[in-house]
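Reader: Could you walk me through this model and tell me what lies behind each label you use? I like to see the cut-off next to the value.

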Amino acid sequence: MDRALFPDGVERCSFGKFALWMGFITAFFLFGLYAMLLIFAKGIVVTGLDNYFGFGLWITFDLAVIALGAGAFFTGFLKYILKIDQLKNIINLTVIVGFICYSGAMLVLTMDIGQPIRAWFGYWHPNVHSMLTEVIFCITCYCLVLVIEYVPLILEQKQLNKIPFLHHLAHNMHVNMALFAGIGAFLSTFHQGSLGGMYGVLIGRPYAFREGFFIWPWTFFLFVLSAVGCGPVFTVLCCTFMEKITGRKLVDFKTKALMGKIAGTMLTVYIFFKILDTWAWANNYLPSIGMTFDQMFYGVIYGKWLMFTEIILCGVVPAIMLITPSIRNNPTLLYTAAILDCIGVTINRYVFTVQSIAMPIMPFDSWQFYYPNWAEWATSGMIVAYGFLVMSLSYRYLPVFPQERALNK
């Protein structure tokens, strides 16, 4: 019944199947929406957060999706600024993934501040001494850039594109997309770095604190490198998941392998400096303040296994896999390396967010344990459901993959 809205020359499932799929996802979204409204009404007292853990699941989730969404700005930079034309087959998807990640991250932040009615305070009364002020403005501006990049794709919907004004508007926006790609790369680079820099300047948190260059701690640069090292392959995983669900070929494997090569190169650079940073932190900084490497870890939940999993299993291993052509050109191994890469950056955001806070820093302190409750899980799941809803609607009605018709002849 909605066939007239499909992109030209492509097939989609029946409206009944689509409605059933959307209803299933909407149920998760509505459950999370209920939890969100409860938090808005009663405050974050209904969550597992407290005076000790001001940061928890939400910020871990927020930082992880922002890093995974880095494929949007980095791929846009490579496509429009460095003119790597082969990326045109996947650029639309990177924009949608980036839009979902950043708009979802901003929604998470409205819950984390506890009183969304005061969300505008960060803009009108900024703390000019905080790196988070830069993050607020950069994330907001980059989210607007992603909206601008998403709009021409919406305007290219078959029925909307028949309107002359919208047709010409979409064309002119595409012509000037290099400008927005450059602005997006600038904004995203600085807020990715400042998110890491925020942890690096916490001198009272020895697990996170780092020395650095001028006013920037090493974590500023490491967060940027880790984001561009995982963002492209996260887009590849999203594309592959869509192919499995729809049963259609959407992007040729050569383009996926190129994305893997790009991510692998950046991941190799990141892991090299991450190992140097960890070694210098353990052998220089910690002894200088009278602490040892072993004191940074406790039990299973805060154990050393997390660090070794992040750096070795989910860092060195996927980096080697992605930069080795014979491995990268094997679909199963490419996807395995991509999954490990994304898990690694998620662990990195978790340990910096939760383990840094959990560690005792006063003589009367002890290791603290944080357990997110159902409200935090439900609202985080709501963001995931929101992503599925946006992606499903975009794929069904918008020309996200212009090459889809040719690939499925």
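Author: Happy to! Buried means under 20% relative accessible area, exposed means over 50%, and partly exposed is in between, with a 1.4 Å probe and protein chains only. Please keep in mind that this is a predicted model, in which local features need pLDDT of at least 70, side-chain atom pairs count only at pLDDT 80 or more, and totals for chains, interfaces and linings use all residues. Residues are numbered from 1 along each chain as its sequence is written, and side-chain values use heavy atoms, with hydrogens and water left out.

Reader: Why is threonine 379 called buried?

Author: Threonine 379 has a relative accessible area of 0%. The cut-off for buried is under 20%, so threonine 379 counts as buried. Threonine 379 is found in helix 14; helices are DSSP runs of H or I with at least four residues, strands are runs of E with at least two, and both are numbered from the N terminus.

Reader: What makes the pair of threonine 379 and alanine 375 a polar contact?

Author: A polar contact is a pair of N or O atoms within 3.5 Å; within protein, one must be able to donate a hydrogen and the other to accept it, and residues adjacent in sequence count only if both atoms are side-chain atoms. Here a polar atom of the threonine 379 side chain lies 2.8 Å from the backbone oxygen of alanine 375.

Reader: Which residues does threonine 379 touch, not counting residues up to four places away in sequence?

Author: With that exclusion, threonine 379 touches Gly32, Ala35, Met36, Ile39, Trp58 and Met111. Contact means heavy atoms within 4.5 Å.

Reader: How do you know that helix 1 and helix 4 pack together?

Author: Their axes are 9 Å apart, at an angle of about 35°. Axes are lines fitted to C-alpha atoms, for helices over the stretch in contact, and angles run from 0 to 180 degrees between N-to-C directions. On the helix 1 side are Met36, Ile39 and Phe40, which meet Leu107, Thr110 and Met111 of helix 4. This contact has five nonpolar residues, one polar and no charged. Nonpolar covers Ala, Val, Leu, Ile, Met, Phe, Trp, Tyr, Cys and Pro; charged covers Asp, Glu, Lys and Arg; the others, Gly among them, are polar.

Reader: What makes a space a pocket rather than a cavity?

Author: On a 1 Å grid over the protein atoms alone, a cavity is a set of points where a 1.4 Å probe fits but cannot get out. A pocket is an open set with protein on both sides within 12 Å along at least five of seven lines, and lining residues have an atom within 4 Å of a point. Grid points are joined across faces, edges and corners, and a volume is the space filled by probe spheres set on the points. The largest pocket holds about 1300 Å³. It is lined by 42 residues, and Cys238, Phe241, Val384, Gly387 and Phe388 are the closest to its centre. Helix 14 gives the most to this lining, nine residues. By class, the lining of the largest pocket has 31 nonpolar, six polar and five charged residues.

Reader: How many cavities of 30 Å³ or more does the structure hold?

Author: There are four. The largest cavity has about 90 Å³ of space, and its lining is Tyr80, Ile91, Asn92, Val95, Glu149, Tyr150, Leu153, His174 and Met177. That lining has six nonpolar, two polar and one charged residues.

Reader: Arginine 12 carries a charge class, so why is arginine 12 called buried?

Author: Its relative accessible area is 11%, and the limit is under 20%, so arginine 12 is buried. Arginine 12 sits in the segment before helix 1. Its side chain reaches the backbone oxygen of tyrosine 395 at 3.0 Å, and a polar contact of 2.9 Å joins it to the side chain of glutamate 404.

Reader: What makes lysine 83 and phenylalanine 214 worth a remark?

Author: Most residues other than glycine have a negative phi. Phi is positive in lysine 83, near 60°, and in phenylalanine 214, near 55°. Lysine 83 lies in the loop between helix 3 and helix 4, while phenylalanine 214 lies in the loop between strand 1 and strand 2.

Reader: Are these two residues buried or exposed?

Author: Lysine 83 has a relative accessible area of 60% and phenylalanine 214 is at 72%. The cut-off for exposed is over 50%, so lysine 83 and phenylalanine 214 both count as exposed.
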